[in-house]
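Biologist: I have a model open and want to learn how to read it. Can we take a few features in turn?

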Amino acid sequence: MQTESKAPLIVGLGGTVAVASSSERITRKILEACEERGARTRLFAGPELDFPTYGTSDERCDNARELVAALREAGGVVIVSPGYHGTISGMLKNALDYVQDMAKDERPYFDGRAVGLAAVAAGWQATGSTLATLRAIAHALRGWPTPLGVTINSLKPVFDMEGHFADAAVRGQVAAMADQLMEFANMRALAREHAGK
């Protein structure tokens, strides 16, 4: 039985400058699915990711420091982006640039962390290209993207009146992604424990 203190932390990044955007709500849903599987979670949504442009100063705002601290502890990461002109939002990319602060860590960047990725856009073409960009970024940050990536077409209803996913297929994909995130995070935690790290 997993104790709460050993439960993996899954950190979610998603949303837009608008509060409660579809991408923010989807990030919350993925984190809820991870919680149901025993994870601790921390969400950085929309306005919490609106950092100064990376590289313009050595100073760090409180939200950026909190994000990097959470990512250092994380066993897994969830990143959900809206599709902006066929790729990820500038706000999300800028927030991910702050992961550079982890470059000299013992576990640099997303090393050893499962990364669940989802893209939401008004049309399938943008969801595919946005997800591909997220995968490229996760690989560049040495993360392990889950085999399943989730794409959601916001031209169709995303949520029902009760706030649940309107599409059973999306529900199933989110559940499968949460399973993959937790399986990998737990395996890596056990491996580090056996290695004495």
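Biologist: Where is Tyr109 found?

Modeller: Helices (H or I, at least four residues) and strands (E, at least two) are DSSP runs, numbered from the N terminus. Tyr109 lies in the loop between helix 3 and strand 4 (114-121). This is a predicted model: local features need pLDDT of at least 70, side-chain atom pairs count only at pLDDT 80 or more, and totals for chains, interfaces and linings use all residues. Residues are numbered from 1 along each chain as its sequence is written, and side-chain values use heavy atoms, without hydrogens and water.

Biologist: Is Tyr109 buried or exposed?

Modeller: Buried means under 20% relative accessible area, exposed over 50%, partly exposed in between (1.4 Å probe, protein chains only). Tyr109 has 14%, so Tyr109 is buried. Its phi is near 50°, a positive value in a residue other than glycine.

Biologist: What is phi of His85 near?

Modeller: Near 55°, again positive in a residue other than glycine. His85 sits in the loop between strand 3 (76-82) and helix 3 (90-97). His85 counts as exposed, because its relative accessibility is 85%.

Biologist: At what angle do helix 1 and helix 5 pack?

Modeller: Axes are lines fitted to C-alpha atoms, for helices over the stretch in contact, and angles run from 0 to 180 degrees between N-to-C directions. Helix 1 (residues 22-36) and helix 5 (residues 168-195) pack at about 55°, axes 9 Å apart. Helix 1 is therefore oblique to helix 5. Angles under 35 degrees count as roughly parallel, over 145 as roughly antiparallel, 65 to 115 as roughly perpendicular and the rest as oblique.
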